[in-house]
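Open the model in your viewer and keep the selection tool at hand. This tour goes from stop to stop, saying what to select and what is there.

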Amino acid sequence: MSGAAHPARGPGDRLTGLFWRRPKLLTALLLLPPLLWLGVVYIGSLVALLVQSFYSIDQFSGLVVPDFTLKTYAELLIPSNFDIIVRTVAMAAAVTLASVVLAFPVAYFAARYAKGRWKAVFYLGIMLPLWSSYLVKVYAWKLILAKEGIVTWAAEGIGAGNLLNAVLALPVIGGNSLSTSYIGTFLVFLYVWLPYMILPMQASLERVPTSMLEASADLGAGNWRTLRSVILPLALPGVIAGSIFTFSLTLGDYIIPQIVGSSRFFIGQAVYSLQGTAGNIPLAAAFAVVPIAIMLVYLTIARKMGAFDAL
Amino acid sequence: MHSDARPPLALTLAAIGGLLFLHMPIVLIFLYAFTTEDRSYQFPPPGLTTEWFAVAWNRADIWPPLYLSLRVAALSSGLALVLGTLCAAAMARARFFGRDTISLLVVLPIALPGIITGMSLRSAFAIGDIPFSTFTIVLGHATFCIVIVYNNAVARFRRLGASMLEASADLGANSFQTFRHVILPNLGSALLAGGMLAFALSFDEVIVTTFTAGQQSTLPIWMLNELVRPRQRPVTNVVAIVVFVATFLPILAAYYLTRGAEETAGGGK
Amino acid sequence: MTPAVEFQSVSRHFGAVKAVDRVDLTIAEGSFFAMLGPSGSGKTTCLRLISGFEMPTSGAVRIFGEDMGTVPPNRRHVNTVFQDYALFPHMSVRENVAYGLMVKGVDRRSREARAEEMLALVKLDGFGGRRPAQLSGGQRQRVALARALVNEPRVLLLDEPLGALDLKLREAMQDELKSLQQRLGITFVFVTHDQGEALSMADRVAVFNEGRVAQVGTPEDIYERPATRFVADFVGSSNVLAPAVTEAFGGPRAWASLRPEAIRLAPGGRVRGTVTGARYLGAGTRLEVRTGALPRTPSDHHDGGIAVLVPAGAAVPGVGAEVALDWDAGALHLMGEEP
Ligand SMILES: Nc1ncnc2c1ncn2[C@@H]1O[C@H](COP(=O)(O)OP(=O)(O)OP(=O)(O)O)[C@@H](O)[C@H]1O
Ligand SMILES: [Mg+2]
């Protein structure tokens with residue numbers, strides 16, 4: 001037991017010494033593999049996407065011409081393509097608004113009143129649909145909305161069959177059956193993305209101290225006043241965080257409108273069919289850039305409003 | 001925010017209604033797997049039978065996609081486990097320049113729609129002339145699974161704190177011994193939970209996969225094809241149940257693994 | 001003899017914060033050394049410079065004469081009892097104590113035997129199978145102690161090890177630590193902001209103020225002969241007298257300290273005054289006396305008054321009473337030029 005220091009035994013000790021003298025080195029080494037992966041695979045691919053979107057396709061040979069051009073983006077503006085963008089954005093907005101309305105009672109109840117067992121029930125009750133198979137959920141709605149399915153059955157059971165037919169007869173949003181109409185597409189989007197709205201909303205509501213509600217009540221504010229001028233503003237960051245998900249997920253989805261909906265395209269379907277059978281990768285890439293552009297604007301605004309604290 | 005007051009009746013009904021809305025479709029899938037009707041989605045089912053499970057079992061075209069999905073999910077969650085943990089460890093170590101950028105970079109693959117990740121990879125494969133393979137699928141899946149593991153690990157690292165690691169070094173352990181004897185045992189359940197969630201996410205993924213799989217078929221892609229061009233609808237129902245259970249069980253396990261800790265798995269999807 | 005620990009003009013700055021600033025220290029082998037000072041004065045940072053969790057911005061830390069500049073914490077022959085104990089929650093008490101031996105590659109049987117010996121030393125025999133979460137605060141503290149001692153450190157660092165304990169347990173542990181240190185002959189470096197603890201346990205005390213060492217000395221030195229106003233005030237709340245006051249009290253024109261317990265109430269004493277307050281302390285009563293001659297100075301913490309400790313049993317004058325104060329000539333301790 002002499003000496004002030006033990007000798008270094010083996011490479012483990014020597015490396016430890018090195019990391020101790022250069023703490024940043026270890027941090028850098030730890031970061032290297034994930035950053036390489038995300039940087040090369042992900043950012044690299046995003047760059048490839050951008051690059052492709054500035055290429056164009058030769059009308060006659062159908063081959064990609066690897067020269068910089070804005071021609072492909074200009075193609076987005078021709079009416080049939082632009083309609084797709086408008087349709088998708090409108091759907092994303094409608095889904096986001098509806099999910100705010102539907103999510104609020106669940107989030108508010110879970111944040112304010114659920115405790116003990118109920119807390120767990122609510123937690124799992126939101127988490128399980130969120131995590132359970134996306135495709136299975138979409139599929140379930142195909143069963144529900146089918147012409148011979150449960151909705152028709154239930155509508156007829158309560159004598160509302162005519163009402164259902166009237167709704168389906170509406171222009172634009174109606175259709176042959178719910179599963180081939182925009183209403184159907186909307187319902188499935190709403191269902192599938194709803195938990196993404198509930199969770200951040202609940203998180204931001206949980207941070208509202210009860211005392212603040214009581215203070216509002218003390219000041220003589222009624223329930224609606226309290227809700228409108230205290231709770232909703234405080235829930236706003238959560239709403240924005242949730243809307244980032246519902247909006248962006250709707251913008252980019254192509255499975256749902258393909259399985260439940262009319263035959264008119266959404267952005268996702270356009271991307272998918274252009275890159276596949278049509279073989280027009282540049283236009284597919286340009287289409288895919290549209291949700292990125294929309295989301296970047298959206299994220300910038302959300303960040304300014306402090307939405308990321310609620311994530 | 002927590003209140004002892006009784007909730008208004010309307011709110012209770014709306015909240016419970018919301019939960020039911022989230023669960024009812026899933027229940028329906030189970031019912032349909034037993035229907036005797038195989039040409040339409042007729043409700044209520046004219047009769048019930050268990051024969052479709054046997055039929056599905058004997059369908060040779062289901063097995064290869066199932067194997068592929070399992071292989072992809074295992075590889076992607078394994079990769080994500082390593083990369084996500086490393087990233088979380090680095091972030092836990094110190095404040096350094098560019099932290100926010102890195103956390104944004106990690107979240108981006110699931111914050112942006114899957115179609116962008118998919119189409120980006122597709123563009124890159126086109127530019128680089130990379131042929132489709134299991135590897136190209138894994139590339140995409142691991143990318144969006146990293147954040148799942150990362151979220152779980154980062155919370156646990158924060159709870160572990162610096163003093164435990166210093167105590168270990170103080171007692172003579174080098175960095176590797178500290179990792180093995182202190183970090184890993186404390187991180188274990190969070191990592192396992194993260195890995196399971198990543199597995200579930202990958203097993204079920206379809207959007208990115210359709211861009212990176214080429215002619216290969218994972219189970220979700222198989223299902224998608226059946227949805228677009230149905231052959232034996234009840235068989236699809238049976239497969240849907242299998243997919244549901246294969247994602248449900250890891251999620252439930254992840255929940256129990258991290259229950260009690262202030263951070264619970266899954267919030268980050 | 002080479003000192004156990006030596007600081008040579010050591011500084012540790014965090015940006016603009018000078019946590020430790022040009023500190024010179026010598027800690028003799030086998031001594032019980034206390035670092036005393038108010039919160040934020042740099043004690044913990046000094047300890048971490050010894051254990052290796054901080055690196056000096058400038059200067060050198062030597063342990064038994066060896067420069068520690070390139071030696072990481074895991075190779076230093078020094079162990080720490082952490083303030084929050086930092087026990088490993090996933091290990092049993094026995095595994096916690098045996099940890100240092102395990103990472104050195106000692107086989108299971110002998111390391112567990114050693115761990116049990118150490119647990120016996122800190123009077124925790126039979127607790128080896130428990131988890132740290134199943135122990136009380138005082139027991140955890142002992143486990144942390146055993147876990148450090150099992151490595152036979154040449155220097156043991158303790159960062160406010162008794163801070164979380166209640167008074168009774170604290171006093172018992174003070175005695176135990178002291179006797180343990182004497183039995184083992186290990187150098188203890190002990191951080192505390194409790195001056196009573198430092199004075200009663202240590203052989204030598206360093207008083208820290210704003211990253212610098214204000215005074216190093218034996219407890220008597222520190223208590224009886226504070227080198228600066230800060231030390232006088234921080235250690236035992238002495239009366240700090242401004243030069244004019246010292247002069248009025250019959251001394252030279254210089255800063256001085258006068259201990260409350262050195263002052264007697266005696267008719268015909270040197271200074272007359274009025275009692276303005278009284279605080280019962282159990283072992284005595286602390287009076288605040290306003291002496292007419294006393295000018296108020298900004299640095300006078302006793303608000304123009306002077307504190308007097310009346311021992312238990314003696315008659316205590318009431319508030320408002322006129323008293324005369326007296327003290328032995330040597331009680332007025334003059335301090336060097338004030339920094
Ligand atoms: N890692 C750090 N980064 C920045 N400042 C620090 C760091 N560690 C310590 N400091 C600062 O250095 C000064 C001294 O801190 P230190 O912990 O040594 O004080 P202390 O004497 O142990 O106080 P306490 O009695 O409260 O434990 C403080 O002002 C503290 O804020
Ligand atoms: Mg301290």
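A polar contact here is a pair of N or O atoms within 3.5 Å; within protein, one atom must be able to donate a hydrogen and the other to accept it. Keep in mind that this is a predicted model.

**Stop 1: chains A and B**

Select chain A and chain B together. How many residue pairs are in polar contact across their interface? The rule finds ten, with both residues of each pair at pLDDT 80 or more. Salt bridges across this interface number zero.

Now color the side of chain A that touches chain B. Helix H2 of chain A, residues 23–53, gives the largest share of that side, with 19 residues. Color by class next: 69 residues on that side are nonpolar, 15 are polar and ten are charged.

Chain A brings 94 residues and chain B brings 92. The area buried between the two chains is about 8,800 Å². Carbon and sulfur atoms give 77% of that area.

**Stop 2: ligand 1 and its shell**

Move to ligand 1 and show the residues around it. They belong to chain C, and among them are Phe14(C), Val17(C), Ala19(C), Pro38(C) and Glu160(C).

Strand E2 (17–27) and helix H1 (43–51) of chain C each supply at least two. By class, the shell has four nonpolar, six polar and two charged residues.

Zoom in on the side chains and show distances. From Ser39(C), a side-chain N or O atom is 2.5 Å from an oxygen atom of ligand 1. For Lys43(C), the distance from a side-chain N or O atom to a ligand oxygen is 2.8 Å. Thr44(C) also has a side-chain N or O atom 2.5 Å from an oxygen of ligand 1. Switch to a surface view: on its own, ligand 1 has 640 Å² of accessible area, and the protein covers 60% of it.

**Stop 3: a salt bridge in chain A**

Zoom out to the whole structure. A search over all chains finds 22 salt bridges. For one of them, select Glu206(A) and Lys119(A), whose closest N and O atoms are 2.9 Å apart. This pair links distant parts of the chain, 87 residues apart. Glu206(A) sits in helix H9 (residues 182–206), and Lys119(A) sits in helix H5 (residues 117–131).

Conventions:
Residues numbered from 1 in each chain as written. Chains lettered and ligands numbered in written order. Predicted model: local features only at pLDDT ≥ 70, side-chain atom pairs only at ≥ 80, totals over all residues. Heavy atoms only, no water. Contact = heavy atoms within 4.5 Å. Buried area = accessible area lost by both parts, 1.4 Å probe. Salt bridge = Lys/Arg side-chain N within 4 Å of Asp/Glu carboxyl O. Helix = DSSP H or I, 4+ residues; strand = E, 2+ residues; numbered from the N terminus. Nonpolar A, V, L, I, M, F, W, Y, C, P; charged D, E, K, R; others polar. Near = heavy atom within 4 Å. Areas by Shrake-Rupley, 256 points an atom, 1.4 Å probe, with all protein chains shown as cover.
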